[in-house]
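Thanks for coming. I will go through one model, with the sequence and the structure up on the screen.

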Amino acid sequence: MISKKFIDIKIIILLIVLLLFIVLDVFLGSVNFSVNEFSNIIAELGNSTSPKSIIIWNYRIPKMLTSLVAGMALPLSGLLMQTIFKNPLSGPFVLGISSGAGLGVAFTIMMSSIAGLSLPLFFSEINSVFAGTLGAGAVMILILYVSERVQNLSTLLIVGVMVGSFSSAIIGVLQYFSSEQELRNFIIWTMGSLGSSEWSEIIVLYSILGLSLFATLRISKGLNAITIGENYAHTLGIDVKTVRRGTLIIASVLAGGITSIVGPIAFIGLAVPHIAKSMLNTMDHNKLIPFTLLLGGILMLFFDIISQFIVTDQVIPINVITSLFGAPFVIAVVMRRSVKISF
Amino acid sequence: MVELRELNVGYATKNEKNIILKGINARLEKGKLTCFLGRNGAGKSTLLKTILGVLEPLEGSINISGKTLNEISANERSKKISAVLTDVVRIEHISVEEFVSLGRIPHTNWRGSLEKIDKQHIENAISICEIEDIRSKIISELSDGQLQKVNIARAICQDTDLILLDEPTAHLDVSNKFKVFEILRKLAIDYKKAIFIITHDLELAFQNADMLWVIDKNGDMQSDVTEDLLLDKKIIDSFLTSNFEFDYVSGKFLYKRESRVSFQLIGDNESTYWTKQALYKNGYGVDKKSNYTLKIDSKSKRWDLFNDEKELNNFSSIKELILELNKLFFPEFI
């Protein structure tokens, strides 16, 4: 067991790094600020209407907050899935929950052409969150249904992959019938964007994260028990079914909510819990959760910062960056595991 | 402590009940080590699952300290019964100490914080199982023997009167099997736990169990004091195939090929035992009425073969004995 002190030091270091990245993420961008100018604008708390103040308060701070919430929520969702499915490759993507959210969003963006209706309500972003969560929820119910009937976890993962293919197919049909503008909107959404969210959406996302976090901490003891297997959790007096259902609901709300606003962001949800587990060498969720949140926030802000510097004047879509870093990481994890298994 | 009354266990679907074991009447007592024997598929694990509350009893009742199983909550049950199952628990990122500490889950608050008393239980479990030296190792790096001791420590940590173990010695080498049974005996005798073990290691069970529960050939369960059941002799038949026989003196099973020639053995216990083993392996039998006699003198290492009263040959090792017997009785195979 790692000493408490050791963990405390790591948490403090991560907190400092996170704060640094928060400031850097707001400070850096295509428009340069002097340090003085920057601190003045921050101190004004958005009460000024100068163009630079608007850049900071209406563009960069919302983007930073969106990156932060996505970086915390997706890994939390991934951590929960990895525990429930006892599979290190579980994440919002693998189980098709992000695909479900994508399908929901695709409907809100492209449905009007097909229905031949103009539904202005559908284009409000909050409805998109709703549709995304609904789509994620629908997939979650399917996964839940399968998971309570099939013991084999690989079956569940295959179902997740199939849901992904199925969603892509439906989205393909929608794209075929939708207008150029709608198609463009949807493609932009799939690339992932942290910078286009409204304050109202940010509030929704943080509320989702806060509630999910509260709920997760309530069941953390059950999650700890489930890490050694559901049968053992049962002998430890844990109501496995309730914990599993609760966890799946939390995981899909987190993944669905985030995905519908910022687009599908790959690998963060899968990779960050791994890094946290390797750093701490523990499966105690009371310790893993704060680490996952901090690491996820730091990593996402880091990706957001570098996405603005790879090509000058152009912002690289965030999903491109996370995939560039994430895909090799996943291959490394798989290789490491298969080597272990084969011996 | 635990009493099974007229219990039928099995699997129930909406329309039908599939009874696997029926009419079970048995008790588990504190301070006693009970082994549960029976062939694969006889229903041992089904009964275990029923006692653990995974399956509902189809009929009859299970009483734990005077209360029936469905009267107590899951949390209360987990303070009375712990289990070591056959499920694989090779997890990465979890240390032995953390793994053992999971046994405290039924006793801790909603966050699972470990108090002083919990830590004492963890230390105690670690010392009973003698796993101090591997306490900071990661679970996925342990050997089978170490893993089983760690898993037993986790169950001990749960501080229950009854510990159920499903094949705890499967896949273990001989010294680890002995170690596991030693720990379990210690728990029964020194800590007054009721220990209930499903096992296929019959000889270890006969040596260590105070009580046996045995599912016989007809699928009926009998339970009694180990030695009483063994002296009854019928029960062993459930486990024998035609090529094995049970030696009631040593408590061991002997492999026996179909024998065409049998010998009467005369000598001290040790040398007759091993001579018998060698004869069985090589297709010879042992029969008190045989015309052939082998007299063994273990001090001078000499085996004398007689036919009635006439000495045929003598040998100075089992190797030579078997070689010459083969020449004598099966020359066509040499």
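In chain B, is strand 3 mostly covered or mostly open? Strand 3 of chain B is mostly covered, with five of its five residues buried. Buried means that 20 or more other C-beta atoms lie within 10 Å of a residue's own; exposed means 12 or fewer, partly exposed is in between, and the C-beta atoms are placed from the backbone. Strands here are DSSP runs of E of at least two residues, helices are runs of H or I of at least four, and both are numbered from the N terminus.

Some housekeeping before I go on. This is a predicted model, in which local features need pLDDT of at least 70 and side-chain atom pairs count only at pLDDT 80 or more, while totals for chains, interfaces and linings use all residues. Residues are numbered from 1 along each chain as its sequence is written, and chains are lettered from A and ligands numbered from 1 in the order in which they are written.

Back to strand 3 of chain B. B:Leu33, B:Cys35 and B:Leu37 point one way, B:Thr34 and B:Phe36 point the other way, and all are buried. In a regular strand, side chains alternate between the two faces of the sheet.

Now the sheet around that strand. Six strands of chain B form an open sheet in the order 6-7-8-3-9-10, and the pairing is mixed. Two strands count as paired if DSSP finds at least two bridges between them. Strand 6 and strand 10 (221–225) of chain B are at the edges with a single partner strand each, so one side of each has no neighbour in the sheet. From one strand to the next the twist averages 15 degrees. Angles run from 0 to 180 degrees between N-to-C directions, and axes are lines fitted to C-alpha atoms, for helices over the stretch in contact.

Strand 3 of chain B runs parallel to strand 8 of chain B, joined by four bridges. It also pairs with strand 9 of chain B, again in the parallel sense and over four bridges. B:Phe36 has B:Ile198 as its bridge partner in strand 8 of chain B, and B:Phe36 stands opposite B:Trp213 in strand 9 of chain B.

Helix 5 (residues 144–157) of chain B lies across strand 6 and strand 7 of chain B, at about 175 degrees to strand 6 of chain B.

Elsewhere in chain B, strand 1 (residues 2–12) runs antiparallel to strand 2 (residues 17–28), with eight bridges. A hairpin of four residues joins strand 1 of chain B to strand 2 of chain B. Strand 1 of chain B also pairs with strand 4 (residues 59–64) of chain B, antiparallel, over five bridges, and B:Val2 stands opposite B:Ile64 in strand 4 of chain B.

For chain B as a whole, the count is 10 helices and 17 strands. Of its 334 residues, 35% count as buried.

How does chain B meet chain A? The contact takes 24 residues from chain B and 22 residues from chain A. Two residues are in contact if their C-beta atoms, placed from the backbone, lie within 7 Å. On the chain B side, the largest share, four residues, comes from helix 2 of chain B.

Finally, chain A. Its mean pLDDT is 82, and 88% of its residues reach 70 or more; pLDDT is the predictor's confidence in each residue, from 0 to 100. Over residues 116–123 of chain A, pLDDT stays under 50. Helix 11 (residues 240–262) of chain A has 23 residues and reaches 33 Å from its first C-alpha to its last. In helix 11 of chain A, 17 of the 23 residues are buried, so the helix is largely enclosed by the rest of the structure. After helix 11 of chain A comes A:Gly263, with a positive phi near 90 degrees.

Conventions
Expected span 1.5 Å × (residues − 1).
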